[in-house]
Each structure stands twice: as C-alpha cells, then as structure tokens.
Amino acid sequence: QVQLVESGGGLVQPGGSLRLSCAASGSIFSIYAMGWYRQAQGKQRELVATIPSGGMTNYADSVKGRFTISRDNAKNTVYLQMNTLKPEDTAVYYCNADLKTSPLRRSSYWGQGTQVTVSS
C-alpha cells in the first residue's frame, strides 16, 4: 500500500503565501513524476504543477511566476510554495505521484486533499 499525506493548507489573505507538502510512504519501488492539482467548488480538477524525477517542472499558466514546485527524492516528498495568492487560488489541493510498487507495477496515486482558502 502507498499513502500520500498532504499538509500545509489553510486560510490566508490575498497576497499571502503558503507552503504545501506531500509525503509518499509505503511500498514504493521508485517514483516518477509528482505533482499538484486543485479543484475549486463546482469546477473540474486541474493541473497546478508537476515535477518529474529528472526535475523539469511544468506549471499551469495561472500560477506561473507565483508558485514553485520542488521535491526531495530522499524523503519521497513534493512541495508547493505558493506566493502572491489570489482569491481564485481557493480550492482543495491534491498531491499526485506516478510510481512503481514493484519493477512491473506502476500506478498513479492521490492524496486526500488539503483546503486552501484565500480570503480577506
């Protein structure tokens, strides 16, 4: 079994910052890409940022220049530094990991989600 546990969400004022963390644990053989997605109320889940094992990052246009994704491979952890937050960033943020639990078994896993609310 694999678990992804997110932390760091909360309430912040517009212009503020938050840092999300997501730690993967369990029967992990190797991790490929890790990423963050978000789902606002009444909307579909959308990509925020991804980072493959090689380190080339990818961002949604709406967060470029404000959010930074990074990972610590030794800790199986991915981070999302969110700066200059806007009310439209309000959503449940989900961590995702594309990983192998054995040499022949590769799947995508999701965390439980953490709420980020940007409001004055």
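Tutor: Of the 29 residues in the largest nonpolar core, Trp36, Leu80, Met82 and Tyr93 touch the most other members. A nonpolar core here is a set of buried Ala, Val, Leu, Ile, Met, Phe, Trp, Tyr and Cys residues joined through side-chain atoms within 4.5 Å; buried means under 20% relative accessible area, with a 1.4 Å probe and protein chains only. Strand 9 (91–102) gives the largest share of this core, five residues. The model is predicted: local features need pLDDT of at least 70, side-chain atom pairs count only at pLDDT 80 or more, and totals for chains, interfaces and linings use all residues. Residues are numbered from 1 along each chain as its sequence is written, and side-chain values use heavy atoms, leaving out hydrogens and water.

Let us now turn to strand 8. Strands are DSSP runs of E with at least two residues, numbered from the N terminus. Strand 8 (77–82) supplies at least two residues of the core, and five of its six residues are buried. Six antiparallel bridges join strand 8 to strand 3, with Val78 as the bridge partner of Cys22. Six bridges also join strand 8 to strand 7, where Thr77 stands opposite Asp72. In the hairpin of strands 7 and 8, four residues lie between the strands, and Asn76 takes a positive phi near 50 degrees.

Conventions
Buried < 20%, exposed > 50% of the residue type's maximum accessible area, 1.4 Å probe, protein only. Pairing = 2+ DSSP bridges.
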